[in-house]
Amino acid sequence: MAIGQIADYCVPWSGFDISIVARSYAQFTGLLAGFAFVVINLVLDRTYRRRADGRSPEPREAEHETQVGIALVCAFLGLFLTTLRYSLLAGESGCALTEGRAASAEVLTAVSFAASIYTLLYAIVQFFSGTAGILAKHLVFLVAVLVPPIVVFFVEDTLTHLALSLGDRGRRRPLQPLWDWANRLSIPIPLAVLIVCAAAWYIGVERRRSESPAGPIAQHFRMVVPYVTVAVVAPVVVSSVVALRYTNPAAHIAPGEAWLWVVLLTVALLVQSAAMSFQKGVEVPFARSSTVTGQSA
């Protein structure tokens with residue numbers, strides 16, 4: 001009887017086992033990391049072919065390829081670390097599923113995954129920005145306006161899993177007030193993110209379609225933007241490893257810390273979205289920009 005009670009005690013009363021889902025996430029993030037690596041090779045191959053043809057890149061093209069390369073490497077690094085963390089989460093079992101360690105790892109890994117996937121999409125926009133003007137316009141709208149609220153909603157939903165894991169198993173009640181606030185804010189926070197991103201996108205229309213070169217400060221800022229992902233992923237992975245030691249299945253993050261990571265992710269997404277919305281010339285193809293430059297000269 002005692003053994004049966006222990007077994008029941010370590011079975012999630014909600015019926016949700018994150019360790020099973022984490023296996024699919026590990027495969028998916030690994031696939032995306034491989035995709036990022038392939039695109040990096042495409043960018044390098046495009047550079048080598050241009051040099052083989054004896055054509056030196058224009059300043060805007062050189063800056064563009066550097067920016068794409070940095071964003072892809074940052075996305076690859078984030079996805080690689082996220083894959084490792086999801087793989088470890090897939091190995092969680094027993095009381096770690098019911099006492100908060102697995103759910104805490106889920107929240108932190110979701111933050112890492114969200115930051116990495118957004119940078120990968122950011123890099124894809126930059127990859128097409130100089131060659132396909134119409135496609136770039138649609139991609140900028142999708143990535144700068146629609147993706148951030150969806151990503152925030154996805155991460156915020158993991159807080160309910162943490163509340164279930166830290167709740168009262170005997171009464172089958174989730175942890176309060178984390179459960180209530182996670183459900184109450186599940187729509188308002190993504191909606192607020194959507195409004196802010198849409199406003200920035202609308203205000204930056206003329207700048208995105210401008211054919212004049214960007215200033216040195218704007219160029220430097222573009223190079224720094226992808227590092228926002230590293231600034232989020234590295235601390236969250238370190239925190240996940242340090243705070244959730246495998247010797248203690250009851251190790252978990254506090255609700256306040258979970259909300260803090262959601263806020264930091266939201267700020268990072270807003271910064272990257274605004275950078276894309278106000279990026280000068282991101283919707284102008286190279287051929288058109290080169291023609292205008294030659295005529296003005």
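Guide: Arg171 counts as exposed, at 61% relative accessibility. Throughout, buried denotes a relative accessible area under 20%, exposed one over 50%, and partly exposed a value in between, calculated with a 1.4 Å probe and with protein chains only. The model is a predicted one, in which local features need pLDDT of at least 70 and side-chain atom pairs count only at pLDDT 80 or more, while totals for chains, interfaces and linings use all residues. Residues are numbered from 1 along each chain as its sequence is written, and side-chain values use heavy atoms, leaving out hydrogens and water.

The side chain of Arg171 forms a salt bridge with that of Asp168, at 3.9 Å from N to O. The criterion for a salt bridge is a side-chain nitrogen of Lys or Arg within 4 Å of a carboxyl oxygen of Asp or Glu. Asp168, with a relative accessible area of 35%, is classed as partly exposed.

Arg172 is likewise of interest. Arg172 is found in the loop between helix 5 and helix 6, and at 55% relative accessibility Arg172 counts as exposed. Although Arg172 is not a glycine, its phi is positive, at about 55°. Pro177 is also located in the loop between helix 5 and helix 6. The peptide bond that joins Gln176 and Pro177 is cis, with omega about 0°. Helices here are DSSP runs of H or I with at least four residues, strands are runs of E with at least two, and both are numbered from the N terminus.

The other salt bridges provide a setting for this pair. The count by this rule comes to 4 salt bridges. Arg101 and Glu92 meet at 2.7 Å, N to O, and both residues are buried. Glu283 and Arg209 form a salt bridge at 3.2 Å, N to O. This pair links distant parts of the chain, 74 residues apart: Glu283 lies in the loop between helix 11 (255–277) and helix 12 (286–296), and Arg209 in the loop between helix 8 (205–208) and helix 9 (216–224). Glu283 is buried, at 4% relative accessibility, whereas Arg209 is partly exposed, with a relative accessible area of 43%. Shared partners join Arg208, Arg209 and Glu283 into one salt-bridge network.

A covalent link comes next. The search of the whole structure finds 1 disulfide, the criterion being a pair of cysteine sulfur atoms within 2.5 Å. Cys10 and Cys95 form this disulfide, with their sulfur atoms 1.8 Å apart. Cys10 lies in the loop between helix 1 (2–9) and helix 2 (18–52), and Cys95 in the loop between helix 3 (59–90) and helix 4 (101–129), so the pair ties together parts that are 85 residues apart in sequence. Cys10 is buried, at 14% relative accessibility, and Cys95 is partly exposed, at 22%.

The wider fold remains to be described. The protein has 12 helices and 0 strands, and 47% of its 297 residues count as buried. Its largest nonpolar core has 71 residues, and those with the most contacts inside it are Leu72, Leu120, Leu159 and Leu162. Such a core is a set of buried Ala, Val, Leu, Ile, Met, Phe, Trp, Tyr and Cys residues joined through side-chain atoms within 4.5 Å. Among the helices that each supply at least two residues of this core are helix 5 (133–165) and helix 6 (178–184). Helix 4 contributes the largest share, 17 residues.

Leu162 touches, among others, Leu178, Ile253 and Ala258, residues up to four places away in sequence not being counted. Contact here means heavy atoms within 4.5 Å. Of the contacts in the protein with a separation of 6 or more, 86% are between residues 24 or more positions apart.

Thr266, placed in helix 11, is buried at 12% relative accessibility. Its side chain reaches the backbone oxygen of Val262 at 2.8 Å. With residues up to four places away in sequence left out, Thr266 touches Val152 and Val193.

Terms used:
A polar contact is a pair of N or O atoms within 3.5 Å; within protein, one must be able to donate a hydrogen and the other to accept it, and residues adjacent in sequence count only if both atoms are side-chain atoms.
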